[in-house]
Amino acid sequence: MEETKERKIVVAVDESEESMEALSWSLDNLFPYGSNNTLILLYVKPPLPVYSSIDAAGFIVTGDPVAALSKYEHELVESVMARSRTVYQDFESDINIERRVGRGDAKEVICNAVQKLKADMLVIGTHDYGVFKRALLGSVSEYCAKRVKCPVIIVKKQPQNH
């Protein structure tokens with residue numbers, strides 16, 4: 001029996017139900033029992049804003065907004081990874097799991113990470129915005145699908161009655 005090649009599968013995760021659905025779909029469809037695939041959970045923190053000690057109304061801000069933001073970001077990363085863990089913890093197969101965190105524009109960070117990690121596949125959820133909202137906000141999944149060199153699976157959120 002020939003040994004199967006290990007594949008690196010990147011799943012982009014965030015605070016959304018859509019990303020957790022993409023993770024769940026990945027586990028069900030891309031990690032058969034006994035596979036030696038590696039699941040790479042990728043979370044992207046937004047770029048740091050530029051702060052001033054004077055707020056928009058001209059008052060001096062007390063406290064350290066950068067420290068507060070850093071604490072919030074850390075808690076957010078932990079929350080997303082904990083939600084991911086609840087999705088994969090009951091999965092029957094032993095799988096290799098790596099957690100990666102990037103910072104910046106999500107679509108750029110995801111594309112760069114996929115290339116840098118030499119991923120064999122990218123799985124990403126979609127919010128399935130309408131034409132107007134997608135034109136205004138852009139679509140991370142569409143952007144990545146057009147730019148990464150590996151196969152991309154875009155998982156749509158299943159209707160509630162499904």
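Visitor: In what order do the 5 strands of the open sheet come?
Guide: The order is 3-2-1-4-5, with parallel pairing. Strands are DSSP runs of E with at least two residues, helices are runs of H or I with at least four, and both are numbered from the N terminus. Two strands pair if DSSP finds at least two bridges between them. This is a predicted model, where local features need pLDDT of at least 70 and side-chain atom pairs 80 or more, while totals for chains, interfaces and linings use all residues. Residues are numbered from 1 along each chain as its sequence is written, and side-chain values use heavy atoms, without hydrogens and water.

Visitor: Which strands stand at the edges?
Guide: Strand 3 (96–103) and strand 5 (152–156); each has a single partner strand, so one side of each has no neighbour in the sheet.

Visitor: How many bridges join strand 2 to strand 3?
Guide: 8, and strand 2 covers residues 38–45. Ile40 is opposite Glu98 in strand 3.

Visitor: New topic. Which charged ends sit over the ring of Tyr143?
Guide: That of Lys107 is 5.5 Å from the ring centre, and that of Arg147 is 3.8 Å from it. The criterion is NZ of Lys or CZ of Arg within 6 Å of the ring centre and within 35 degrees of the ring normal.

Visitor: What lines the second largest pocket?
Guide: Arg147 is one of the lining residues, and others include Cys111, Lys118 and Cys150. A pocket is an open set of points on a 1 Å grid over the protein atoms alone, where a 1.4 Å probe fits, with protein on both sides within 12 Å along at least five of seven lines; lining residues have an atom within 4 Å of a point.

Visitor: Which helix gives the most to that lining?
Guide: Helix 3 (residues 106–117), with 4 residues.
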